[in-house]
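Visitor: I am new to this structure. Please take one part of it and walk me through it closely, then show me what lies around it.

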Amino acid sequence: MAKVLLKYKNYDLHSITTVSSLGQINANITTWVMQSAMQGKFITVALYKTDYTIELVRESMILNVNLLAKDQAKKLIPKLGRKSGRTSNKFINLPFEMDERGCPYLTEAIGYVQCKCTGIIDSGDHELFVCEVLKQKVLNPEKEVLTNDYLRAEGLVRG
């Protein structure tokens, strides 16, 4: 039984994909994404301050939020969640395409939200990126959403 109340929350998993102005691309795994305005006009994304992805997002202020599916878990958690884009190309053997801004999105995800960052808020070991939603695209509606509870049950994460 969890001793901390927030451990009871079952977060959806996402991959944040981004590109720098020099064309460097990266992707990570994140759970803290939420709609932060009525009718889905803004979302807020929490990014860990030491990750390579946050460096690229701070520089370009664009990102895509990819809603991950259960069938992606065993492939993506080790690749996007346990390796750094500073030392490896996470996109090798990863199905993706580029949007019209040159920002990658994952074609096997349930879908993605195309975003432009409008503000950054310090949040301890993370920064919160307030993002204007430019476009939402459903790619694979038949897939089931990947959640933190599923990762725990499969032994892919601790806690």
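Predicted model: local features only at pLDDT ≥ 70, side-chain atom pairs only at ≥ 80, totals over all residues.

Guide: Start at L139, which sits in the loop between β9 (126-138) and α3. Residues are numbered from 1 along each chain as its sequence is written, and side-chain values use heavy atoms, with hydrogens and water left out.

Buried means under 20%, exposed means over 50%, and partly exposed is the range in between (1.4 Å probe, protein chains only). E108 is 31 residues away along the chain, yet the two C-alpha atoms are 7.5 Å apart. Setting aside neighbours within four places, L139 is in contact with Y105, L106, T107, A109, I110, G111 and Y112. Contact means heavy atoms within 4.5 Å.

Now move on to helix α3 (148-153). N148 lies in it. N148 counts as buried because its relative accessibility is 14%. Beyond four places in sequence, N148 touches N10, Y11, L13, T31 and V157.

The buried residues of α2 are covered by elements including β1 (14-19), β2 (25-27), β7 (104-106) and α3. Which residues of α2 (73-81) are buried? They are A73, L76, I77, K79 and L80. An α-helix has 3.6 residues a turn, so residues three or four places apart point the same way.

Next comes T30, in the loop between β2 and β3 (33-35). T30 counts as buried because its relative accessibility is 6%. A polar atom of the T30 side chain lies 3.1 Å from the backbone oxygen of A46. Apart from neighbours within four places, T30 is in contact with D12, L13, H14, I16 and A46.

The largest pocket holds about 930 Å³. Of its 36 lining residues, I29, T30, T31, W32 and V157 are the closest to its centre. A pocket is an open set of points on a 1 Å grid over the protein atoms alone where a 1.4 Å probe fits, with protein on both sides within 12 Å along at least five of seven lines; lining residues have an atom within 4 Å of a point. At least two lining residues come from each of β4 (42-48), α1 (52-60), α2 and α3. The lining divides into 14 nonpolar, twelve polar and ten charged residues.

The second largest pocket holds about 340 Å³. It has 17 lining residues, and H14, V65, L67, V113 and Q136 lie nearest its centre. The lining splits into ten nonpolar, five polar and two charged residues.

Terms used. Helix = DSSP H or I, 4+ residues; strand = E, 2+ residues; numbered from the N terminus. Polar contact = N/O pair within 3.5 Å; in protein donor to acceptor, adjacent residues only side chain to side chain. Points joined across faces, edges and corners; volume = space filled by probe spheres on them. Nonpolar A, V, L, I, M, F, W, Y, C, P; charged D, E, K, R; others polar.
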